[in-house]
Amino acid sequence: VQLQASGGGLVQAGGSLRLSCTASGNIFRISDMSWYRQAPGKQRELVAVIGSGGLTDYRDSVKGRFTISRDNAQDTVYLQMNSLKPEDTALYYCKSHVRRTMFASTREYWGQGTQVTVSS
């Protein structure tokens, strides 16, 4: 299973970006999908998570600005980021818990990072 993230870039404060992350390979079922970020010199932190049924949760600093969604038919998770701030600058990673076959256990998979840079 591979996760391919895209959509990062350079944007001015107040702008918007939409990140995408698509899972490919042998996939029977994907449970939760999430986005993390890591700024230079800081630990990786959870930004948003969405369950298989669509329930979502966000870290406080992005509530009201970011929206996580998923397209189960496309095995894709999105992160719509609005009203971006310089402190949102980081490498953003997607993560999914995937079961590859009906009888396999669920495993965690990470995508490569996509850089988001917000200028003031």
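This report describes the sheet, the nonpolar core, the disulfide and the salt bridges of a predicted model.

## The open sheet

Four strands make up an open sheet, in which the order is β1-β3-β8-β7 and the pairing is antiparallel. The edge positions are taken by β1 (2–6) and β7, each of which has a single partner strand, so one side of each is left without a neighbour in the sheet. From one strand to the next, the twist averages 15°.

Within this arrangement, β3 and β8 pair in the antiparallel sense over six bridges. As for individual residues, Tyr 78 in β8 is the bridge partner of Ser 20.

## The nonpolar core

The largest nonpolar core has 28 residues, and those touching the most other members are Trp 35, Val 47, Phe 66, Ile 68, Leu 79, Met 81 and Tyr 92. Two or more residues are given to this core by each of the elements β1, β3, β4, β5, β7, β8, β9 and β11 (114–119).

When residues up to four places away in sequence are not counted, Phe 66 touches Arg 37, Val 47, Tyr 58, Leu 79, Gln 80, Met 81, Asn 82, Leu 84, Asp 88 and Tyr 92.

## The disulfide

A search of the whole structure finds one disulfide, formed by Cys 21 and Cys 94 with their sulfur atoms 2.0 Å apart. This pair links distant parts of the chain, since Cys 21 belongs to strand β3 (residues 17–24) and Cys 94 to strand β9 (residues 90–99), 73 residues apart. The torsion about the S-S bond of Cys 21 and Cys 94 is about 55°, so the disulfide is right-handed. Both Cys 21 and Cys 94 are buried.

## Salt bridges

Six salt bridges are found in a search of the whole structure. Asp 88 lies in the loop between β8 (76–81) and β9, whereas Arg 37 lies in strand β4 (residues 29–38), and the pair links distant parts of the chain that are 51 residues apart. Asp 88 and Arg 37 are both buried.

A further salt bridge joins Arg 59 to Glu 45, with 3.5 Å between the closest N and O atoms. Because Arg 59 is in the loop between β6 (56–58) and β7 (66–71) while Glu 45 is in strand β5 (residues 45–50), this pair ties together parts that are 14 residues apart in sequence. Arg 59 counts as partly exposed at 28% relative accessibility, and Glu 45 is likewise partly exposed, with a relative accessible area of 26%. Asp 60 and Lys 63 also meet in a salt bridge, at 3.1 Å from N to O; Asp 60 counts as exposed at 63% relative accessibility, whereas Lys 63 is partly exposed, its relative accessible area being 44%. Through salt bridges that share partners, Arg 37, Glu 45, Arg 59, Arg 65 and Asp 88 are joined into one network.

Note on methods
Residues numbered from 1 in each chain as written. Predicted model: local features only at pLDDT ≥ 70, side-chain atom pairs only at ≥ 80, totals over all residues. Heavy atoms only, no water. Disulfide = S-S within 2.5 Å. Buried < 20%, exposed > 50% of the residue type's maximum accessible area, 1.4 Å probe, protein only. Salt bridge = Lys/Arg side-chain N within 4 Å of Asp/Glu carboxyl O. Pairing = 2+ DSSP bridges. Axes fitted to C-alpha atoms, helices over the stretch in contact; angles between N-to-C directions. Core = buried A, V, L, I, M, F, W, Y, C linked by side-chain atoms within 4.5 Å. Contact = heavy atoms within 4.5 Å.
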